[in-house]
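The exercises below each set a task and then work through a solution step by step. Please keep the sequence and the 3D view open while reading.

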Amino acid sequence: MPFGDADAVERQLEICEKVGIGIAGVLFEPIQGEAGAIVPPDDFWPRIREATRRHGTLLIADEVQTGLGRTGRLWGVGSLERDAGHPGDCQVPRRWSHAISAVCTSEAVFQPMMFPNPFMHTTTTGGGALACSAAISAIHVTLRERLWEQAAAKGGYLIPKLRELAARYPQIYESITGRGLLIGMHFRDAEIGYKVAAGLFKRGVLVRVHLPMRRRCALSPP
């Protein structure tokens, strides 16, 4: 489905129900990461939430990049809807300490996956005591220091400034996207993007360079 197109998702769910095709779940990133920090329309996630409830299927939030505070809320879906207490049936948070992954859901949803096979969800190095300790510490620091509030404040400062810069140099920038500290700088072509990235690297600033399908180059803080 096209990202951000709630009409298309609703239409596809209706078609599948009419022709008898079962849908296990609807999976989206709350805000696209590798595609360049693309934020969907304001009504997208609430409409998808309602559509999946209506059709009796799971709504799964891929929070690998948006989870644990990066978008200015603890969960990325929380930055997209007012009813943050009901973000989705399943959430897949980002890796903790680059070794631990998790699926956060209700007992009712997880019960069929846990029994009789409790190893439906595994992680390559998740059994290591050191990795687990690092992951627990990362969670504690995130919650204790409320890092999502820092992301919201810093993103609230950076994004308007970057958009002013983009408006001043339209021959260089195409757009600025994102929320919190998940920020994408979209350039007119890939060559410009790589030049900017190279200049930042020389100054000791680490960024990611992406080449999304629409032939854009987007940078986002790691």
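The bridge partner of I176 in strand β6 is M185. The model is a predicted one, in which local features need pLDDT of at least 70 and side-chain atom pairs count only at pLDDT 80 or more, while totals for chains, interfaces and linings use all residues. Residues are numbered from 1 along each chain as its sequence is written, and side-chain values use heavy atoms, with hydrogens and water left out.

**Exercise 1.** Determine how strand β5 and β6 run relative to each other, and how many bridges join them.

Solution. Start from the rule that two strands pair if DSSP finds at least two bridges between them, strands being DSSP runs of E with at least two residues, numbered from the N terminus, just as helices are runs of H or I with at least four. Strand β5 (residues 173-179) is joined to β6 by 6 bridges, and the two run antiparallel. Turning to the hairpin that they form, there are 2 residues between the strands, and G180 takes a positive phi near 65°.

**Exercise 2.** Describe the aromatic pair formed by F28 and F44, and say which parts of the chain it links.

Solution. A pair of aromatic rings is described by the distance of the centres and the angle of the planes. Rings of Phe, Tyr and Trp (its six-membered ring) pair if their centres lie within 6.5 Å, and planes under 30 degrees apart count as stacked, over 60 as edge-to-face and the rest as tilted. A search of the whole structure finds 4 aromatic pairs. One of them, F28 with F44, is edge-to-face, at 5.2 Å centre to centre and 80° between the planes. This pair links distant parts of the chain, since F28 lies in strand β1 (residues 25-28) and F44 in helix α2 (residues 44-55), 16 residues apart. Both F28 and F44 are buried, and ring pairs link F3, F28 and F44 into a cluster.

Notes: Buried means under 20% relative accessible area, exposed over 50%, partly exposed in between (1.4 Å probe, protein chains only).
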